[in-house]
Amino acid sequence: MSIRTYHPRGGRLSGRHHDALDRLHDVYGLAVAELPTPLDLAALFGRTAPVVLEIGFGMGDATAAMAAADPGRDYLVVEVHTPGIANLLSLLERDGLTNVRVAVGDALDLARRCLPEESLDAVHAFFPDPWPKSRHHKRRLIQPTHVALLRSRLRRGGRLHCATDWAPYAKVMLEVLTADPELVNTHDGYAPRPAYRPETKFERRGVRAGRPAIDLIFERR
Ligand SMILES: C[S@@+](CC[C@H](N)C(=O)[O-])C[C@H]1O[C@@H](n2cnc3c(N)ncnc32)[C@H](O)[C@@H]1O
């Protein structure tokens, strides 16, 4: 079995979140383990539009805001953390969003098994777990083999956008992304924060602790 990039963690569900999972999983949700190979993205969203894959959306606030501001693209978003999944489902219902589908499971499994090559317009990995201890670096999402997989799912000209508040990880991200032969940096080094990426609670906490966010935006050749 491959090494996971996440910690299985619990977290209590509020009554509202229980209710959201019960009612809304069948409307917006999909279980990665049960998905076919390949997944028909046009059938999933009911239209043919550019698709963004977001890996690890956390509580989903930024996802809901981005999808609402970007109705011309569809968002396939993936997470393993149940309270976050429930929260995003409730936000999708609250905001009446139709361009988001919530995949429950491992994003790398989803990309490897279900997503055809060149099927994505963008991949977003915002604040992936930094795994700061050296013995855990093997769990990092941004490492050469995972990047090669994700990049292969991007269309030519499609973008891989990462953000982190962990400066040593940003440095490694820059090295790994720059070393990929089919990715080109859209900026000289780090990118300025793009207006389309909403600030999350998680990010504000980092800023208060003296760890501003760093963006990296690469394009597939
Ligand atoms: C540090 S949090 C950041 C959440 C969010 N993007 C934000 O900015 O607040 C990273 C998230 O990625 C999720 N994650 C890590 N590896 C994943 C994987 N392979 N598939 C799906 N989710 C993953 C974790 O469960 C966690 O919720």
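**Sheet, helix pair and ligand shell**

Guide: Y75 stands opposite V100 in β4. This is a predicted model, in which local features need pLDDT of at least 70, side-chain atom pairs count only at pLDDT 80 or more, and totals for chains, interfaces and linings use all residues. Residues are numbered from 1 along each chain as its sequence is written.

Visitor: How many bridges join β3 to strand β4?

Guide: Strands of a sheet pair through backbone hydrogen bonds, either parallel or antiparallel. Two strands pair if DSSP finds at least two bridges between them; strands (E, at least two residues) and helices (H or I, at least four) are DSSP runs, numbered from the N terminus. Here, five bridges join β3 to β4 (residues 100-104), and the two run parallel.

Visitor: What is the strand order of the open sheet?

Guide: Its eight strands follow β1-β4-β3-β2-β5-β6-β8-β7, with mixed pairing. At the edges, β1 (29-31) and β7 (183-185) each pair on one side only.

Visitor: At what angle do the axes of helix α3 and helix α4 cross?

Guide: Axes are lines fitted to C-alpha atoms, for helices over the stretch in contact, with angles from 0 to 180 degrees between N-to-C directions. The axes of α3 (residues 61-68) and α4 (residues 82-95) cross at roughly 30° and come within 9 Å. Therefore α3 is roughly parallel to α4 (angles under 35 degrees count as such).

Visitor: Which residues are closest to the ligand?

Guide: A residue is near a molecule if its C-beta atom, placed from the backbone, lies within 6 Å of it. Of the 21 residues that surround the ligand, the closest are Y6, G56, G58, A107 and F202. β3 (74-79) and α5 (107-114) each supply at least two residues of this shell.

How values were computed
Parallel < 35°, antiparallel > 145°, perpendicular 65-115°, else oblique.
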